[in-house]
Structure formats: C-alpha cells, structure tokens
Amino acid sequence: MAIEQIFDSASSVMTVVSFAIFMGIVLWTFLLKRSADFDRAAALPFADDKEDEHV
C-alpha cells in the first residue's frame, strides 16, 4: 500500500510541474513580445537561398 501512495503522490507532483512548465513556455512566447526573435528564426531556412543567388 505504501508504494501505491508514493506513485499517486509522484503522479500529482509531475502533473503540477508539467503544467507549470507549459504555462512558463506560453508566457515566454506570447507575453514577452519576442516576435522579432521569432521572425528572424522563421527566416533562417531561406537564408541559404539568398547566399546561392550571389554566387
């Protein structure tokens, strides 16, 4: 019975920790106004195309 109680408690703790991490990611992404960083990262796949045109 003790091992079942430990696993139940661990499951509850991991649920809370996972939710806190998720909310942290959401806050970091949407509330910190990091759109300039994300726009630059979104343009990275096309950076090689511009270099090839100049060759």
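Student: In this predicted model, where is confidence lowest and where is it highest?

Tutor: Confidence is lowest in helix H3 (residues 47-53), at a mean of 62, and highest in H1, at 89. The protein averages a pLDDT of 83, and 85% of the residues score at least 70. Where pLDDT is low, the predicted coordinates should not be read in detail.

Student: How do you know that the span of H1 agrees with its 30 residues?

Tutor: At 1.5 Å a residue, H1 should span 44 Å. Its end C-alpha atoms are 43 Å apart, so the two values agree. After H1 comes Lys33, with a positive phi near 55 degrees.

Student: What makes the nonpolar surface patch?

Tutor: Val13, Met14, Val17, Ile21 and Ile25 make it, with an area of about 460 Å². Members of such a patch need over 30% relative accessible area, and nonpolar side chains are joined within 5 Å. One of the five residues, Val13, has its place in helix H1 (residues 2-31).

Student: Why is the contact of Arg40 and Asp37 called a salt bridge?

Tutor: The cut-off is 4 Å from a side-chain nitrogen of Lys or Arg to a carboxyl oxygen of Asp or Glu. Arg40 and Asp37 meet at 2.4 Å, N to O, so the pair qualifies. The structure holds one salt bridge.

Student: How are Arg40 and Asp37 placed in helix H2?

Tutor: They are three residues apart in H2 (residues 35-43), and therefore separated by about one helical turn. An α-helix has 3.6 residues a turn, so residues three or four places apart point the same way.

Student: How many aromatic pairs does the structure hold?

Tutor: The structure holds one aromatic pair. Trp28 and Phe38 form it.

Student: Why is the pair of Trp28 and Phe38 called edge-to-face?

Tutor: Ring centres must lie within 6.5 Å, and planes over 60 degrees apart count as edge-to-face. Trp28 lies in helix H1 and Phe38 in helix H2, so the pair ties together parts that are 10 residues apart in sequence.

Student: Are Trp28 and Phe38 buried, exposed or partly exposed?

Tutor: Trp28 has a relative accessible area of 39% and Phe38 has 34%. Both values fall between 20% and 50%, so both residues are partly exposed.

Definitions and conventions:
Residues are numbered from 1 along each chain as its sequence is written. This is a predicted model: local features need pLDDT of at least 70, side-chain atom pairs count only at pLDDT 80 or more; totals for chains, interfaces and linings use all residues. Side-chain values use heavy atoms; hydrogens and water are left out. Patches are made of residues with over 30% relative accessible area and no salt bridge: like charges are joined within 9 Å, nonpolar side chains (Val, Leu, Ile, Met, Phe, Trp, Tyr) within 5 Å. Accessible areas come from the Shrake-Rupley method with a 1.4 Å probe; for residues, only the protein chains shown count as cover. Helices (H or I, at least four residues) and strands (E, at least two) are DSSP runs, numbered from the N terminus. The expected span of a helix is 1.5 Å times one less than its number of residues. Rings of Phe, Tyr and Trp (its six-membered ring) pair if their centres lie within 6.5 Å; planes under 30 degrees apart count as stacked, over 60 as edge-to-face and the rest as tilted. Buried means under 20% relative accessible area, exposed over 50%, partly exposed in between (1.4 Å probe, protein chains only). pLDDT is the predictor's confidence in each residue, from 0 to 100.
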